Amino acid sequence: MGVEIERKFLVKDQSFKDLASETRNITQGYLVQSNGFSVRIRTTDTEAVLTIKGPSSNNGLTRFEFNQVIPMEEARQMLELCSGSLIEKCRYLVHYKDHLFEVDEFFGKNQGLVIAEVELESENEPFEKPAFIGEEVTGIPRYYNSYLALNP
């Protein structure tokens with residue numbers, strides 16, 4: 001089974017852009033959202049992925065996640081079936097002190113929101129935060145992409 005352990009933070013300035021090693025344009029939508037479960041379609045510049053996520057743990061750090069690469073044309077068709085708004089964002093990959101921070105700058109109806117995530121091997125894994133990291137929002141549903149699709 002795939003398990004995702006991550007922490008989320010608001011971003012307090014734009015300095016992450018100078019630190020990024022790579023960027024990706026992302027469009028994603030949700031086919032199903034119910035009782036903490038979601039089925040997501042995501043496209044980037046180079047691939048399309050179908051993702052199934054389970055409910056988060058009580059502290060919001062851990063959840064089951066399964067990913068499957070799918071044909072781009074099928075993903076584009078599935079995006080048309082999604083409920084709510086499509087999420088549009090640019091992801092910046094920032095390597096900092098042995099960890100990868102994925103910083104998402106949102107566009108469209110979520111313009112102005114910038115969130116950083118770091119995936120961990122365990123819930124107690126220590127890591128250093130770069131200077132651009134602000135308030136932690138791990139486990140706060142209004143910062144989940146699935147919530148933002150329905151409530152920009």
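**Pockets and a buried threonine**

Guide: In this predicted model, α3 provides the largest share of the lining of the second largest pocket, namely 3 residues.

Visitor: What volume does the second largest pocket have?

Guide: Its volume is about 160 Å³. Of the 14 residues that line this second largest pocket, Q33, G36, Y144, S146 and Y147 are the closest to its centre.

Visitor: Which elements each supply at least two residues of that lining?

Guide: Those are β2, β3 and α3. By class, the lining of the second largest pocket divides into 5 nonpolar, 8 polar and 1 charged residues.

Visitor: And the largest pocket, what is its volume?

Guide: The largest pocket has a volume of about 560 Å³. It is lined by 34 residues, and R40, R42, K53, R91 and E102 are the closest to its centre. Elements that give two or more residues to this lining include β1 (3-11), β5 and α3 (145-150).

Visitor: How many charged residues are in the lining of the largest pocket?

Guide: There are 16 charged residues in that lining, along with 13 polar and 5 nonpolar.

Visitor: Changing topic: where is T62 found?

Guide: T62 is in strand β5, which covers residues 62-70.

Visitor: Is T62 buried or exposed?

Guide: T62 is buried, because its relative accessible area is 17%, and buried means under 20%.

Visitor: Which side chain forms a polar contact with that of T62?

Guide: The side chain of E123 does, at 2.5 Å. Beyond its neighbours within four places in sequence, T62 is in contact with residues including V3, I5, P55 and E123.

Methods: Residues numbered from 1 in each chain as written. Predicted model: local features only at pLDDT ≥ 70, side-chain atom pairs only at ≥ 80, totals over all residues. Heavy atoms only, no water. Helix = DSSP H or I, 4+ residues; strand = E, 2+ residues; numbered from the N terminus. Buried < 20%, exposed > 50% of the residue type's maximum accessible area, 1.4 Å probe, protein only. Polar contact = N/O pair within 3.5 Å; in protein donor to acceptor, adjacent residues only side chain to side chain. Contact = heavy atoms within 4.5 Å. 1 Å grid on protein atoms, 1.4 Å probe; cavity = no way out; pocket = protein on both sides within 12 Å on 5 of 7 lines; lining within 4 Å. Points joined across faces, edges and corners; volume = space filled by probe spheres on them. Nonpolar A, V, L, I, M, F, W, Y, C, P; charged D, E, K, R; others polar.
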